[in-house]
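Here is a quick tour of one structure, with a few spots to look up as you read. Keep the viewer open and follow along.

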Amino acid sequence: MPINDDATLVVGSGNFLTAPPGTPIPTDLLAPTSPWDTVGHTSLEDIFGISSEGGDATVIGTLQNKNLRTKYGARTETMALTLQQFDVAGLRLFYGSNAPLLPDGSVGVPTDPTPTVAAFLALFIDGTHHFAFYAPKAEIYRADDLSLSDTESLAGLPIGVKPMAYGSNAWTYAVTPLGATNLPATGATAGTPGGFTPTGAITPANLAAMSGVVASPATAWTTGKHVLLGDASKAYWNGTAWTAGQAP
């Protein structure tokens with residue numbers, strides 16, 4: 001792995017946003033547009049964290065080889081942040097999306113709370129670079145009990161975000177590599193697999209997203225050449241169009 005000084009991270013600022021489930025990650029992470037909406041003020045000290053459960057390794061053997069294979073259990077991850085905005089929207093993230101707004105303007109605490117289900121984006125900025133966690137679908141709910149412990153600091157609502165698989169996705173959330181350009185791919189170079197240009201460009205999500213991407217070479221790709229797409233499928237240039245799979 002080459003040394004990349006631009007891939008180190010010191011969080012200078014950040015933001016947390018939600019949107020309806022399935023909303024794609026913003027094209028420009030530094031200027032998310034509607035329907036992405038910020039959750040409000042969050043803690044400066046306890047910025048963000050991820051904990052996990054499960055994922056235990058089980059060694060499977062045979063009479064001839066006691067350590068033949070290793071099987072890993074499913075892992076569930078929870079992102080944590082501390083919300084410091086006690087308005088109706090913030091309280092519903094903590095107490096449940098079904099928390100009723102009562103006639104006097106207060107928020108009722110439901111007896112059978114329902115987590116908020118939404119797309120989630122955690123964005124961190126280091127100078128001109130950015131780093132983000134994106135979940136197309138997540139359950140958002142209280143992560144811990146509420147405690148008002150002193151008069152010297154802002155109170156907080158501990159929020160947990162559990163990424164979930166969306167549609168046919170084989171993943172629950174994505175992380176943007178630091179130093180990426182966040183620009184769409186404009187070109188694709190043949191290889192096994194090939195790559196996209198410009199350097200750091202976003203990988204097209206699927207075959208349909210290859211429309212407009214210029215192939216290199218422009219002639220039919222030779223046997224085995226292909227590029228990997230965002231949905232883990234392959235595509236190659238047959239001389240006139242992008243085609244699923246690898247070149248025959």
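Which residue in β9 is the bridge partner of Ala-80? In β9, Ala-80 is partnered by Gly-160. Keep in mind that this is a predicted model, where local features need pLDDT of at least 70, side-chain atom pairs count only at pLDDT 80 or more, and totals for chains, interfaces and linings use all residues. Residues are numbered from 1 along each chain as its sequence is written, and side-chain values use heavy atoms, with hydrogens and water left out.

- Helices (H or I, at least four residues) and strands (E, at least two) are DSSP runs, numbered from the N terminus.
- Strands count as paired if DSSP finds at least two bridges between them.
- β6 (75-83) is joined to β9 (residues 157-163) by five bridges, and the two run antiparallel.
- β6 also pairs with β3 (residues 49-54), again in the antiparallel sense, over six bridges.

- Gln-84 sits in the loop between β6 and α1 (88-95).
- Gln-84 counts as buried because its relative accessibility is 18% (buried means under 20% relative accessible area, exposed over 50%, partly exposed in between, with a 1.4 Å probe and protein chains only).
- Leaving aside residues up to four places away in sequence, Gln-84 touches His-41, Thr-42, Ser-43, Leu-44, Leu-154, Ala-155 and Gly-156 (contact means heavy atoms within 4.5 Å).
- A polar atom of the Gln-84 side chain lies 3.4 Å from the backbone oxygen of Leu-154.

**The β12-β11-β13 sheet**

- Three strands make up an open sheet with mixed pairing, in the order β12-β11-β13.
- β12 (195-197) and β13 (214-216) are at the edges with a single partner strand each, so one side of each has no neighbour in the sheet.
- On average, neighbouring strands here are turned by 25° against each other, direction ignored (axes are lines fitted to C-alpha atoms, for helices over the stretch in contact, and angles run from 0 to 180 degrees between N-to-C directions).
- β11 (residues 187-189) and β13 pair in the parallel sense over three bridges, and Ala-188 has Ala-215 in β13 as its bridge partner.

**Salt bridge**

- Searching the whole structure turns up one salt bridge (a side-chain nitrogen of Lys or Arg within 4 Å of a carboxyl oxygen of Asp or Glu).
- That salt bridge links Arg-142 and Asp-145, with the closest N and O atoms 3.9 Å apart.
- Arg-142 counts as partly exposed at 29% relative accessibility, whereas Asp-145 counts as exposed at 58%.

Technical notes:
Polar contact = N/O pair within 3.5 Å; in protein donor to acceptor, adjacent residues only side chain to side chain.
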